[in-house]
Amino acid sequence: MNNAHKADLILVIVTLLAAVSWMFSKEAVMQMPPLLFMSVRFILAGLLLACVSYKALGELALSGWFHGARVGMVFGVAMCFWVTGLAKASHVGEAAFLASLGVVMVPIIARLLFKEAIPHSTWLALPVAVLGLGFLSFSAPLDHAMKLETSHILLLTSATFFALYFNLNTRATNTQSSILANGESIKKGNVPVLALTTIVLGTTGVITGAVSAMLEPWYPTFVNLQPELVGWVLLSATIGTALRFLCQTYAQSLTANSHGVVIMVLEPLWTTLIAMAWFGETMNTNQLVGCFLILLSLIVNRFRTISQLLRPK
């Protein structure tokens, strides 16, 4: 098996780990404050990754730490909205599709903040995504009144911040060129992926912990701590976060010719299927159509990449 195929296989595993992590998280937030859970989860995961990336962290310049902390702050805000939305959501599969809309928003954020051109595929994907959201906003198959739930708003907000995170993360991990006022060209070095991921996870843990300290009660959780809850938190931190990011980083290091951009679209689909088996979830007609349209928008958004992969060489 060549490196490209290895990377593809590992990324399929990454999407499965991400999908299972939704179940761990949902189990945990039903038993403890959601923001407190995220703080403990990401701090533990950050410490685990630090055991692997300590050399890269030690060699990292101050600017690298700054860029990592900036990315981590955005990701932390995204996770605050995400976990609160998940805690309020009545359907995990539906929540996964809503959060995945961040992929469609990435080019829009890049245009607004970094003046990048928006691919034609994004303009095609957007109305499909909006139509899918419209179907999800119907509370019942025969109910014609649009009703956007609180969990929907929170998850869509998290998707927007995820899109910003993706943009900042890409710029932090790649060498950037800029022109000074005197015409001189300078290059900003990239931040090693594993070191950046460690900083992002740690910062996310601090951000969610700070918000939790202001909004949530901690005492009842620690006084009535149950072994089952400890298990969900540890599974989320190890398998759902640290192992997932380690696998993803390793896959990215194998080759640049992976189908990863396409493979990662599978996450909401896996999440829905696993939630059906785990929680016995079902979908009504509107939910099925809405999720299908969102999945279609993700595929349309990546049409150029998919067509390049399918093109004979």
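## Around Ser-212

Ser-212 touches Leu-35, Leu-36 and Trp-218, leaving aside residues up to four places away in sequence; a contact here means heavy atoms within 4.5 Å. Ser-212 sits in helix H8 (residues 193-215), where helices (H or I, at least four residues) and strands (E, at least two) are DSSP runs numbered from the N terminus. With a relative accessible area of 0%, Ser-212 is buried. Buried stands for under 20% relative accessible area, exposed for over 50%, and partly exposed for what lies in between (1.4 Å probe, protein chains only).

A word on the basis of all this: the model is predicted, local features need pLDDT of at least 70, side-chain atom pairs count only at pLDDT 80 or more, and totals for chains, interfaces and linings use all residues. Residues are numbered from 1 along each chain as its sequence is written, and side-chain values use heavy atoms, with hydrogens and water left out.

## The chain as a whole

Stepping back, the secondary structure of the chain comes to 14 helices and 2 strands. Of the 313 residues in the chain, 48% are buried. Take the contacts between residues at least 6 apart in sequence: 84% of these join residues at least 24 apart.

## Helix H1 against H12

Helix H1 (residues 3-29) and helix H12 (residues 267-278) have axes that come within 8 Å and cross at roughly 45°. Axes are lines fitted to C-alpha atoms, for helices over the stretch in contact, and angles run from 0 to 180 degrees between N-to-C directions. H1 is therefore oblique to H12; angles under 35 degrees count as roughly parallel, over 145 as roughly antiparallel, 65 to 115 as roughly perpendicular, and the rest as oblique. The crossing of H1 and H12 is right-handed, a term used if the near helix is turned clockwise from the far one by less than a right angle, with anticlockwise giving left-handed.

On the H1 side, the contact is made by Val-12, Thr-15, Leu-16, Ala-18, Ala-19, Val-20, Trp-22, Met-23, Phe-24 and Glu-27, which meet Glu-267, Trp-270, Thr-271, Ile-274, Ala-275 and Trp-278 of H12. By class, the residues of the contact of H1 with H12 divide into 12 nonpolar, 2 polar and 2 charged. Here Ala, Val, Leu, Ile, Met, Phe, Trp, Tyr, Cys and Pro count as nonpolar, Asp, Glu, Lys and Arg as charged, and the others, Gly among them, as polar.

## Helix H1 against H4

H1 also meets helix H4 (residues 92-99): the two axes come within 11 Å and cross at roughly 120°. H1 and H4 are therefore oblique to each other, and H1 passes H4 in a right-handed crossing. Trp-22, Met-23 and Lys-26 of H1 make the contact with Val-92, Ala-95, Ala-96 and Ala-99 of H4. This contact of H1 with H4 has 6 nonpolar residues, no polar ones and 1 charged one.

## Aromatic pairs

The structure holds 10 aromatic pairs. Rings of Phe, Tyr and Trp (its six-membered ring) pair if their centres lie within 6.5 Å; planes under 30 degrees apart count as stacked, over 60 as edge-to-face, and the rest as tilted. One of the pairs is Phe-24 with Trp-278, edge-to-face because the ring centres are 6.1 Å apart and the planes stand at 70°. Phe-24 belongs to helix H1 and Trp-278 to helix H12, so this pair ties together parts that are 254 residues apart in sequence. Phe-24 is buried, at a relative accessible area of 7%, while Trp-278 is partly exposed, at 33%.

Phe-81 and Phe-161 form a stacked pair, 5.8 Å centre to centre with 10° between the planes. Phe-81 lies in helix H3 (residues 62-88) and Phe-161 in helix H7 (residues 150-173), so parts 80 residues apart in sequence are tied together. Phe-81 is partly exposed, with a relative accessible area of 28%, and Phe-161 is partly exposed, with 27%. Do look for the aromatic cluster too, formed by Phe-42, Phe-75, Phe-162, Tyr-165 and Phe-166.

## Two further residues

Leu-288, in helix H13 (residues 285-301), is partly exposed, with a relative accessible area of 46%. Leu-288 and Leu-136 are 152 residues apart in sequence and 8.5 Å apart in space, C-alpha to C-alpha.

Lys-115 has a positive phi of about 60° although it is not a glycine. You will find Lys-115 in the loop between helix H5 (102-114) and helix H6 (120-136), and Lys-115 is exposed, with a relative accessible area of 64%.
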